[in-house]
Amino acid sequence: MREVLTTLFAGWQGGATAGLATVVRTFQSAPRPAGASMLVSADGTVAGSVSGGCVEGAVYELATQVVEDGVPVLVRYGISDDDAFAVGLTCGGILDVFIEPVSRGTFALLEGVHDDVDAGRPVGVATVIEHPDAGWIGRHLVVRPQGFEGDLGSDRANHAIGDDTQGLLAAGRNTTLTYGPDGERRGEGMRVFFASYAPRPRMLVFGAIDFATALARLGTFLGYRVTVCDARGVFATAARFPGVDEVVVSWPDRYLREQIAAGLIDPRTVICVLTHDPKFDVPLLEAALHGPSVAYIGAMGSRRTHLDRLERLRAVGVTDSELARLRSPIGLDLGSRTPEETAVSIAAEIISLQWGGSNEPLHTLVDSIHGDSIHHDDLVDPNPPPSSSRPSPSPSPSPSPSSQAPGSTSISRTVLRG
């Protein structure tokens with residue numbers, strides 16, 4: 001929902017009802033992860049995507065219907081050989097998409113969620129997507145570190161799900177959870193999708209050089225909250241780093257230690273050391289490697305610089321196990337020459353570590369290109385549950401936005417609940 005929240009909230013404020021489609025579960029090589037959203041506003045305009053274009057036309061039809069009748073629906077999209085003229089997932093994956101009407105009446109707590117996301121405060125939303133009692137479906141529980149508000153249908157369900165999702169909120173993870181009809185942790189019958197809206201992860205770039213300018217720009221593009229830090233005020237200026245969140249003039253190790261002490265470094269933080277000057281990078285890397293677990297620590301420099309740096313770090317007490325956390329020389333071997341190309345190589349290494357990439361060309365691989373262990377919370381049930389009685393709209397291509405030309409790939413669409 002984050003990607004469409006601004007548009008969604010504007011309509012909500014105006015009293016309109018929108019159709020919000022969210023990927024809640026994926027199998028195999030699905031094109032978008034759980035949490036990806038597409039919004040159909042009251043005037044028919046579209047924002048966001050659930051499949052990168054594969055099934056958007058079909059989802060648009062359902063979202064329009066949901067806005068009209070107010071009944072949420074859970075639908076599965078997958079590949080079939082039965083209808084060669086239906087739109088489909090060209091990647092061969094399977095998506096469960098929950099489509100709900102969103103208005104002041106259906107989601108009264110949306111304003112608080114919007115304000116938290118806008119202010120960078122962690123907040124999550126648990127939504128009932130499947131339940132034996134249709135009255136529960138589409139209800140929301142808003143979860144924050146200090147507690148929860150809302151009502152899923154019973155106090156037992158509220159407390160069980162409110163407690164269970166605290167860890168997911170801290171980790172910034174989206175997933176589907178299964179409970180009994182009244183929130184029994186070992187039961188079945190109710191499924192809840194939890195979407196976590198944690199603050200943007202941080203990228204700390206040390207060294208206000210041309211390579212830092214390119215990397216900071218790319219980090220912002222990738223969704224990081226970017227800080228550039230350098231002790232030299234003549235280089236660390238807002239004019240040289242437009243668009244970043246902050247430019248700090250301070251000794252790098254001092255700034256990092258202050259951030260660690262304030263609890264502002266978390267497991268999603270990325271630290272890029274581009275100073276390649278021992279008086280800056282050795283104390284900085286000492287602080288980083290002795291500090292809390294982070295997603296990435298990389299340092300620029302030649303292999304000769306790297307070997308000298310290792311000796312200096314060992315001399316100040318950094319252990320071999322701590323040095324194993326350091327990626328140096330920084331980045332992947334892409335043959336980079338320019339600052340922009342080097343920034344891409346650094347970003348590629350960060351992404352690869354985050355998602356477990358092989359760093360091999362995709363055309364040489366035979367496995368799923370999206371990596372099941374990353375995008376898919378549920379991997380063991382590719383067959384849909386029994387369909388509900390609600391009819392699915394016709395799978396024929398429609399004139400709605402994002403419809404795909406017929407004949408390329410077919411789809412099986414099953415309404416799971418609604």
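Which residue's side chain meets that of D266 in a salt bridge? The partner is R268, at 3.8 Å from N to O, where a salt bridge is a side-chain nitrogen of Lys or Arg within 4 Å of a carboxyl oxygen of Asp or Glu. You are looking at a predicted model, in which local features need pLDDT of at least 70 and side-chain atom pairs count only at pLDDT 80 or more, while totals for chains, interfaces and linings use all residues. Residues are numbered from 1 along each chain as its sequence is written, and side-chain values use heavy atoms, with hydrogens and water left out.

**Salt bridges**

- A search of the whole structure finds 19 salt bridges.
- D266 is partly exposed at 27% relative accessible area, and R268 is partly exposed at 25%; buried means under 20%, exposed over 50% and partly exposed in between, with a 1.4 Å probe and protein chains only.
- R144 pairs with E149 in a salt bridge whose closest N and O atoms are 2.7 Å apart.
- Of these two, R144 is buried at 14% relative accessible area, whereas E149 is partly exposed at 33%.
- D277 and K279 form another salt bridge, with 2.6 Å between the closest N and O atoms.
- Through salt bridges that share partners, R76, D96, E130 and R191 are joined into one network.

**The five-stranded sheet**

- An open sheet of five strands runs in the order β8-β7-β6-β10-β9, with antiparallel pairing; strands are DSSP runs of E with at least two residues, numbered from the N terminus, and two strands pair if DSSP finds at least two bridges between them.
- Its edge strands are β8 (147-150) and β9 (175-179), each of which pairs on one side only.
- On average, neighbouring strands of this sheet are turned by 25 degrees against each other, direction ignored, with axes taken as lines fitted to C-alpha atoms.
- Strand β7 (residues 140-144) is joined to β8 by four bridges, and the two run antiparallel.
- Within that pairing, V142 stands opposite E149 in β8.

**Around strand β2**

- Strand β2 (residues 37-40) is covered on both faces: S37 and L39 are buried on one side, M38 and V40 on the other.
- In a regular strand the side chains alternate between the two faces of the sheet.
- Five residues lie between β2 and β3 in their hairpin, and G44 in the turn has a positive phi of about 90 degrees.

**Helices and a surface patch**

- Helix α2 (residues 56-69) has 14 residues and spans 20 Å from its first C-alpha to its last, close to the 20 Å expected at 1.5 Å a residue; helices are DSSP runs of H or I with at least four residues, and the expected span is 1.5 Å times one less than the number of residues.
- Buried residues in α2 include Y60, L62 and V66, and just after the helix G70 takes a positive phi of about 75 degrees.
- P252 lies in helix α7 (residues 252-261) and counts as buried at 1% relative accessibility.
- W355 belongs to helix α11 (residues 339-355) and is partly exposed at 41% relative accessible area.
- F221, L222, I351 and W355 form a nonpolar surface patch with about 430 Å² of accessible area together; patch residues have over 30% relative accessible area and no salt bridge, with nonpolar side chains (Val, Leu, Ile, Met, Phe, Trp, Tyr) joined within 5 Å and like charges within 9 Å, and areas come from the Shrake-Rupley method with a 1.4 Å probe.

Note on methods. Axes are lines fitted to C-alpha atoms, for helices over the stretch in contact, and angles run from 0 to 180 degrees between N-to-C directions.
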